[in-house]
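Biologist: I am new to protein models. Could we go through one together, feature by feature?

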Amino acid sequence: MIRRLLCVQNQSASSPSSLFSSTSTNNNNNKKKPVVLLGAPQVSTIVLDALLTASASPHSSFEVAAIVTQPAARRDRGKKLTLSPLANYALERGFSSHLIFTPQRAGDDTFLSDLKALQPQLCITAAYGNILPTKFLDIPSFGTVNIHPSLLPFYRGAAPVQRALQDGVKQTGVSLAFTVRALDAGPIIATQTIQVDDHIKAPDLLELLFHKGSKLLIRELPSIFDGSAREKAQPQDDSKATLAPKIGPDESWLFFDQEAFVLHNKVRAFSGWPGSRAKILVVDRTGQKKTLEIKIITTRVCTHESVQFNEADDIAFVDGALVFPCGRGTMLEVLELQLPGKKVVNAAAFWNGLRGQKLKKL
């Protein structure tokens with residue numbers, strides 16, 4: 001199954017029409033509009049599930065005709081090739097491997113030839129991760145629609161949820177917008193706003209927004225198909241646009257000269273990947289020091305009125321949390337952390353494992 005899936009983009013060289021002949025016949029019989037979903041990560045499966053459920057309705061006017069996703073990649077330190085979460089989920093739902101495309105680029109000629117043979121009327125992107133060229137966007141008759149997890153024009157780019165949490169926003173949302181060549185700049189069909197909890201982490205917020213976005217998509221599909229969505233779609237105010245650039249692993253380090261709320265927001269934003277790292281000193285009873293790198297998993301801004309530190313760089317343990325002194329007299333409580341190659345532990349278990357050694361921030 002994996003081998004056939006990996007070879008899909010090469011099959012059109014022999015007979016692209018044969019790949020889609022049965023699908024085309026079905027389309028003529030039931031007159032359902034072919035829809036193609038583009039995505040890759042786990043949140044994309046939320047959209048596929050919503051589309052498959054809606055398309056199974058007796059009154060549905062569309063069907064999911066194909067999936068476009070990222071090529072299989074070597075994950076987990078270079079082990080075997082692994083399909084994207086969306087490809088795996090599609091196969092679990094009984095999707096034909098011949099209709100799961102994995103082009104290196106969405107502009108590949110062979111892939112575009114296969115896509116044209118399918119004659120999709122609408123393409124939907126959900127965290128696909130590849131730039132769509134004009135020759136792709138020209139194929140679906142009703143255009144391409146993107147589910148973007150921010151309130152556009154805010155946070156255009158690769159990491160809207162992470163950058164919003166890093167900024168400590170109190171409100172965000174999801175946008176349904178037509179795709180144009182400019183980055184996340186297409187006319188907006190609809191949005192939904194949500195309030196952001198102070199402790200929600202990026203993976204959970206991303207999942208929530210894609211659930212909301214999937215419902216928004218299903219609600220708006222009739223207007224997309226009858227053309228009224230194109231008429232009501234509102235152009236974005238580019239002057240208000242903000243960017244959400246891709247996150248790099250070098251950004252994961254925490255520096256405790258910053259205020260606690262800044263660090264707390266960063267931990268929430270970088271949860272999952274790349275995570276938040278810090279270096280601390282462990283001082284034994286003889287005064288010997290060693291540097292320890294830790295991954296900080298869960299935090300909160302300290303609300304204790306006063307915590308006693310023997311020295312300015314000491315890390316205290318108070319009420320089940322490691323308390324780090326931070327910039328401007330603020331304090332950050334670390335509730336969960338992880339040592340390299342170890343499991344995540346709570347702060348109490350980590351503190352008990354020190355057996356009287358002291359901790360200092362770097």
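Modeller: We will look at pockets, then at packed helices, then at some backbone details. This is a predicted model, where local features need pLDDT of at least 70 and side-chain atom pairs count only at pLDDT 80 or more, while totals for chains, interfaces and linings use all residues. Residues are numbered from 1 along each chain as its sequence is written, and side-chain values use heavy atoms, with hydrogens and water left out.

Biologist: How much space lies in the largest pocket?

Modeller: The general idea first: rolling a probe the size of a water molecule over the atoms shows where empty space is left. On a 1 Å grid over the protein atoms alone, a pocket is an open set of points where a 1.4 Å probe fits, with protein on both sides within 12 Å along at least five of seven lines; lining residues have an atom within 4 Å of a point. Points are joined across faces, edges and corners, and the volume is the space filled by probe spheres set on them. Here the largest pocket holds about 1,600 Å³. Its lining has 50 residues, and those closest to the centre are Ala127, Tyr128, Gly129, Gly157 and Ala158.

Biologist: Which helix gives the most to that lining?

Modeller: Helices (H or I, at least four residues) and strands (E, at least two) are DSSP runs, numbered from the N terminus. H8 gives the most, with 5 residues. Among the elements that each supply at least two residues are helix H3 (42–55), strand S7 (144–148) and helix H8 (202–225). By class, the lining has 31 nonpolar, 14 polar and 5 charged residues. In this scheme Ala, Val, Leu, Ile, Met, Phe, Trp, Tyr, Cys and Pro count as nonpolar, Asp, Glu, Lys and Arg as charged, and the others, Gly among them, as polar.

Biologist: And what about the second largest pocket?

Modeller: About 200 Å³ of space lies there. Of its 14 lining residues, Leu339, Ala349, Phe350, Gly353 and Leu354 are the closest to the centre. H11 gives the most to this lining, with 4 residues.

Biologist: How do the axes of H3 and H8 cross?

Modeller: Two packed helices are described by the angle between their axes and the distance between the axes. Axes are lines fitted to C-alpha atoms, for helices over the stretch in contact, and angles run from 0 to 180 degrees between N-to-C directions. The H3 and H8 axes come within 9 Å and cross at roughly 30°. H3 and H8 are therefore roughly parallel (an angle under 35 degrees). The residues in contact (heavy atoms within 4.5 Å) include Val43 and Ile46 of H3 and Leu206 and Phe210 of H8. The contact divides into 11 nonpolar, 2 polar and 1 charged residues.

Biologist: Which residue has a positive phi although it is not a glycine?

Modeller: That is Asp319, with a phi of about 50°. Asp319 lies in the loop between strand S12 (316–318) and strand S13 (321–325).

Note on methods:
Parallel < 35°, antiparallel > 145°, perpendicular 65-115°, else oblique.
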